[in-house]
Amino acid sequence: MFVWDESKRLKVIENHKVDFALITDIFDDPFGVYREDTEHSGEEIRYSVVGLTAEYGLAVVIFTYADDDIRFMTARRAGKWMVKDYEERF
């Protein structure tokens, strides 16, 4: 199950024009690029996934695991270096 803080979701919509509720299909991309986000991890380990979504095309989600849930931290459309990294995997 996907979970998030609603105030954070609204902030991401405002700042990045990406809605957590419309990006969950990023985890369905069999070519998704997953990384551990050690640079921003504190008490919890954060991860990133770059993958294709129906609504936003190539995007990135930063997330963590909370029990059996995937908790979204932030999301945005993929930057140029992410697109290049994703495409080079084919």
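This is a predicted model: local features need pLDDT of at least 70, side-chain atom pairs count only at pLDDT 80 or more; totals for chains, interfaces and linings use all residues.
**View 1. Asp85 and Arg35 form a salt bridge.**
The closest N and O atoms of this pair lie 2.7 Å apart. Asp85 belongs to helix α2, residues 80-87. Arg35 sits in strand β2, residues 33-36. Asp85 has a relative accessible area of 18%. Buried means under 20%, so Asp85 counts as buried. Arg35, at 34% relative accessibility, is partly exposed.

**View 2. Glu44 pairs with Arg46 in a salt bridge.**
Here the closest N and O atoms are 3.8 Å apart. The cut-off is 4 Å, so this pair counts as a salt bridge. Glu44 is partly exposed, at 26% relative accessibility. Arg46 is partly exposed too, at 24%.

**View 3. Arg71 and Glu44 meet through their side chains.**
This salt bridge spans 2.6 Å from N to O. Arg71 lies in strand β5, residues 69-77. Glu44 lies in the loop between β2 and β3.

**View 4. Glu6, Arg9 and Asp19 join into one network.**
What connects these residues? Salt bridges that share partners tie Glu6, Arg9 and Asp19 together.

**View 5. The whole model, with its salt bridges.**
How many salt bridges does the count come to? The total is 6. Among them are Asp85 with Arg35, Glu44 with Arg46, and Arg71 with Glu44.

How values were computed: Residues are numbered from 1 along each chain as its sequence is written. Side-chain values use heavy atoms; hydrogens and water are left out. Helices (H or I, at least four residues) and strands (E, at least two) are DSSP runs, numbered from the N terminus. Buried means under 20% relative accessible area, exposed over 50%, partly exposed in between (1.4 Å probe, protein chains only).
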